[in-house]
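Try each task before you read its solution.

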Amino acid sequence: MRAKISYAITAAVLVVYFVLVGSRGVMLIQSGTVLTVTFGVAVLILPVIGLWFLWKNTQFVRKANALAAELDAEGGLPVDELKRTPGGRIDRDSADEVFAKRRAETEAAPDDWRSWFRLAIAYHDARDTPRARKAMQRAIALHDGKTVEA
């Protein structure tokens with residue numbers, strides 16, 4: 001729940017920022033000189049890109065959470081079998097062991113979104129966020145019935 005609140009607050013702050021930046025862009029355009037109109041248009045591009053990125057990221061999170069809920073209802077969420085340091089951090093060797101199991105599971109069933117979901121969690125636990133995101137995107141695509149290329 002804390003993560004959802006943090007995400008909502010961050011998204012709200014970004015939207016306020018985008019509105020402020022956009023209003024400055026409009027003010028520059030209203031000045032009417034070639035230079036200020038050019039800068040105004042350039043400034044307006046930033047909030048558009050930011051809003052698009054925020055929208056895509058929010059959609060990704062919503063879909064990933066829906067998959068987690070579905071997998072939880074099936075009893076298929078991975079059990080936390082990771083060893084931790086005295087400080088509570090995940091032990092790297094333990095994460096690597098679990099990752100090897102998840103990778104083998106995914107190689108055995110490459111068209112199963114569940115195995116890709118669990119692999120995404122293993123990547124995340126191994127602190128490989130880019131690959132975790134790619135694996136989750138693949139799980140979402142497989143769940144939605146979209147064709148996925150390797």
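**Exercise 1.** Are α3 and α4 roughly parallel or roughly antiparallel to each other?

*Solution.* This is a predicted model, where local features need pLDDT of at least 70, side-chain atom pairs count only at pLDDT 80 or more, and totals for chains, interfaces and linings use all residues. Residues are numbered from 1 along each chain as its sequence is written, and side-chain values use heavy atoms, without hydrogens and water.

Step 1: take the angle. α3 and α4 pack at about 160°, with their axes 9 Å apart.

Step 2: apply the cut-offs. Angles under 35 degrees count as roughly parallel, over 145 as roughly antiparallel, 65 to 115 as roughly perpendicular and the rest as oblique. The two helices, α3 and α4, are therefore roughly antiparallel.

**Exercise 2.** Find the aromatic pair formed by Phe-99 and Tyr-123 and classify it.

*Solution.* Step 1: search the whole structure. Two aromatic pairs turn up (ring centres within 6.5 Å; planes under 30 degrees apart are stacked, over 60 edge-to-face, the rest tilted).

Step 1: classify. Phe-99 and Tyr-123 lie 4.8 Å centre to centre with 50° between the planes, a tilted pair.

Step 2: Phe-99 is in helix α3 (residues 92-108) and Tyr-123 in helix α4 (residues 113-125), 24 residues apart.

How values were computed: Phe/Tyr/Trp six-rings, centres within 6.5 Å; stacked < 30°, edge-to-face > 60°. Helix = DSSP H or I, 4+ residues; strand = E, 2+ residues; numbered from the N terminus. Axes fitted to C-alpha atoms, helices over the stretch in contact; angles between N-to-C directions.
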